[in-house]
Amino acid sequence: MGQSELARSPHERSPQADPRLPPGQRPQRGWPVLHYGPVPRFKPLTWDFQVFGATASAEKSRWDHEGFHCLPRSTVHADFHCVTKFSMLDSEWSGVSAATILELAPPAPEVTHVMVWAEYGYSANLPLERFADPHTVFATHHDGEPLTVEHGFPLRLIVPQLYAWKGPKWVRAVEYMRADRRGFWEERGYHNRADPWREQRYSYQEEPGDGPLR
Ligand SMILES: Nc1nc2c(c(=O)[nH]1)N[C@H]1C(S)=C(S)[C@@H](COP(=O)(O)O)O[C@H]1N2
Ligand SMILES: [Mo]
């Protein structure tokens with residue numbers, strides 16, 4: 001229990017109050033499947049993970065499936081908040097942290113944002129410092145089990161501090177950018193920043209400086 005929870009009087013606390021739940025979210029048992037479009041088929045021979053755009057070396061980096069699985073691994077514990085208001089609490093995600101990718105394929109000094117790309121052109125933009133957070137992980141496993149194809153096998157991004165649309169399933173690439181640019185849902189009415197603790201759900205809530213001009 002957090003300190004703020006203890007400080008409040010019992011009258012102010014609803015029976016369901018859980019300090020891990022951002023405003024407007026409710027806990028969900030189980031793990032719903034949610035995405036736009038079809039589930040892509042995994043093709044191990046052509047699958048790769050690329051880092052392109054403004055890299056420090058001006059070169060692309062590329063790992064095939066086997067190569068990616070040899071990268072150093074990390075595990076994070078995090079909650080998962082969907083903008084449709086369900087939250088899944090206490091998951092364990094393991095895979096390759098975004099910080100590891102930044103080390104192995106460093107961005108040019110002017111890079112401020114990244115675009116994470118998935119199959120079929122799905123994308124999500126992130127400020128570089130969110131991407132670099134040690135909790136941001138390209139996950140291959142959830143609670144010790146390999147991801148199912150519906151949940152993003154072989155690879156999905158998890159950004160625990162943001163709404164879950166910022167975590168593409170079926171990830172294939174990261175683009176380093178010198179300026180911010182909207183991703184798939186950010187172009188379709190969702191908030192550029194997507195902080196669930198500030199309920200940044202929709203783009204009409206954006207204030208000047210929250211996103212690139214449209
Ligand atoms: N490629 C891709 N990734 C995606 C989406 C999508 O439509 N396509 N939807 C996002 C949204 S809105 C959510 S809530 C989560 C859902 O992940 P889940 O199906 O594993 O619960 O995936 C995110 N990643
Ligand atoms: Mo979502």
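## Terms and model

Ala, Val, Leu, Ile, Met, Phe, Trp, Tyr, Cys and Pro count here as nonpolar, Asp, Glu, Lys and Arg as charged, and the others, Gly among them, as polar. This is a predicted model, in which local features need pLDDT of at least 70 and side-chain atom pairs count only at pLDDT 80 or more, while totals for chains, interfaces and linings use all residues. Residues are numbered from 1 along each chain as its sequence is written, chains are lettered from A and ligands numbered from 1 in the order in which they are written, and side-chain values use heavy atoms, with hydrogens and water left out.

Spaces are found on a 1 Å grid over the protein atoms alone. A cavity is a set of points where a 1.4 Å probe fits but cannot get out. A pocket is an open set with protein on both sides within 12 Å along at least five of seven lines. Lining residues have an atom within 4 Å of a point. Points are joined across faces, edges and corners, and a volume is the space filled by probe spheres set on them.

The largest pocket holds about 550 Å³ of space. It is lined by 30 residues, and Leu-34, His-35, Tyr-36, Tyr-122 and Trp-185 are the closest to its centre. The lining has 21 nonpolar, 6 polar and 3 charged residues. Ligand 1 takes up this space (more than half of its atoms lie within 2 Å of the pocket's grid points).

Around ligand 1 stand 18 residues, each with a heavy atom within 4 Å of the ligand. The closest are Pro-32, Tyr-36, His-151, Arg-156 and Lys-169. By class, this shell has 13 nonpolar, 3 polar and 2 charged residues.

Which residues make polar contacts (pairs of N or O atoms within 3.5 Å) with oxygen atoms of ligand 1 through side chains? An N or O atom in the side chain of Lys-169 is 2.4 Å from a ligand oxygen. For the side chain of Trp-31, the distance is 2.9 Å. Tyr-36 uses a polar backbone atom, 2.7 Å from an oxygen of ligand 1. On its own, ligand 1 has 530 Å² of accessible area, and the protein covers 96% of that (Shrake-Rupley method, 1.4 Å probe).

## The second largest pocket

This pocket has a volume of about 200 Å³. Of its 17 lining residues, Pro-127, Arg-130, Asn-192, Arg-193 and Asp-210 are the closest to the centre. The lining has 3 nonpolar, 6 polar and 8 charged residues.

Strand S7 (123–127) and helix H4 (128–131) each supply at least two lining residues. S7 gives the largest share, 3 residues. Helices (H or I, at least four residues) and strands (E, at least two) are DSSP runs, numbered from the N terminus.

## Cavities

There are 2 cavities of 30 Å³ or more.

Pro-40, Arg-41, Phe-42, Glu-119, Phe-153, Pro-154 and Trp-170 line it. Of these, 5 are nonpolar, none polar and 2 charged.

## Backbone notes

The peptide bond from Phe-153 to Pro-154 is cis, with omega near 10°. Pro-154 lies in the loop between strand S9 (145–146) and S10. Ala-58 has a positive phi, near 65°. Ala-58 sits in the loop between strands S2 (48–53) and S3 (61–64).

Notes:
A polar contact is a pair of N or O atoms within 3.5 Å; within protein, one must be able to donate a hydrogen and the other to accept it, and residues adjacent in sequence count only if both atoms are side-chain atoms.
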